[in-house]
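Have the model open beside you as you read.

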Amino acid sequence: EAAPPVTPSCAMVKVKAYELRTKSKDDLYRQLEELKTELQQLRVAKVTGGAASKLSKIKVVRKSIARVLTVINQNKKAAIREAFKDKVYKPLDIRTKQTRALRRKLTTEQTKKLTLKAKLKAKHFPQRKYAVKA
């Protein structure tokens, strides 16, 4: 059996995340498929007793796949954030995390609100002003 043809990704060194961010969605998926097929070939080479250089390349390819997937997921999340930017209710994964207590805390507008009785009391009995001698 003849060896499978060498794809451009086989000759590639590890992929850089900043380079991936400039690529389109289709390019990213194409590159992901190339990397996965390359990984498959490297695993076959490992079983059949391939060269040490191929065995050491498995880690690089796995990390490259992870990088591509990370960029794809970041792009998806950015698109979701953009879609829900002006909406009141957002999906849980794009809401601000904070702590449970902070998420339930009243807004500043809510804390400053006064009851009718409190408003009248503040109006009729304002805070006294004292002049302090120097």
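## A loop residue to start with

Let us begin with Q98, which sits in the loop between helix 4 and helix 5 (100–104); helices here are DSSP runs of H or I with at least four residues, strands are runs of E with at least two, and both are numbered from the N terminus. The phi of Q98 is near 50 degrees, a positive value in a residue other than glycine. Most residues other than glycine have a negative phi. Q98 is partly exposed, at 46% relative accessibility (buried means under 20% relative accessible area, exposed over 50%, and partly exposed in between, with a 1.4 Å probe and protein chains only).

A word on the basis: this is a predicted model, where local features need pLDDT of at least 70 and side-chain atom pairs count only at pLDDT 80 or more, while totals for chains, interfaces and linings use all residues. Residues are numbered from 1 along each chain as its sequence is written, and side-chain values use heavy atoms, leaving out hydrogens and water.

## Helix 3

Helix 3 covers residues 25–47. Its 23 residues reach 33 Å from the first C-alpha to the last, close to the 33 Å expected at 1.5 Å a residue (the expected span is 1.5 Å times one less than the number of residues). Which residues of helix 3 are buried? They are L28, Q31, L32, L35, E38, L39, L42 and A45. Just after helix 3, G49 takes a positive phi of about 80 degrees.

## Helix 4

Helix 4 spans residues 52–83, and its 32 residues reach 48 Å between the first and last C-alpha, close to the 46 Å expected. A kink of about 25 degrees is centred on I58; the bend at a residue is the angle between axes fitted to the seven residues ending there and the seven starting there. I58 is also among the buried residues of helix 4, together with V61, S64, I65, V68, V71 and I72.

Further along helix 4 you will find A79, which is partly exposed at 48% relative accessibility.

## Salt bridges

How many salt bridges are there? The count is three, taking a salt bridge as a side-chain nitrogen of Lys or Arg within 4 Å of a carboxyl oxygen of Asp or Glu. D27 and R30 pair at 2.7 Å, N to O. These two are three residues apart in helix 3, so about one helical turn separates them. D27 is partly exposed at 32%, and R30 is partly exposed at 46%.

E38 and K57 form another salt bridge, at 2.8 Å from N to O. This pair links distant parts of the chain, with E38 in helix 3 and K57 in helix 4, 19 residues apart. E38 is buried at 3% relative accessibility, whereas K57 is partly exposed at 22%. In the remaining bridge, K85 meets E82 with the closest N and O atoms 3.3 Å apart, and E82 is exposed at 51%.

## A pocket

The lining of the second largest pocket is made up of K90, L92, I94, R95, T96, K97 and R103. By class, that gives two nonpolar, one polar and four charged residues.

Note on methods. On a 1 Å grid over the protein atoms alone, a cavity is a set of points where a 1.4 Å probe fits but cannot get out, and a pocket is an open set with protein on both sides within 12 Å along at least five of seven lines; lining residues have an atom within 4 Å of a point. Ala, Val, Leu, Ile, Met, Phe, Trp, Tyr, Cys and Pro count as nonpolar, Asp, Glu, Lys and Arg as charged, and the others, Gly among them, as polar.
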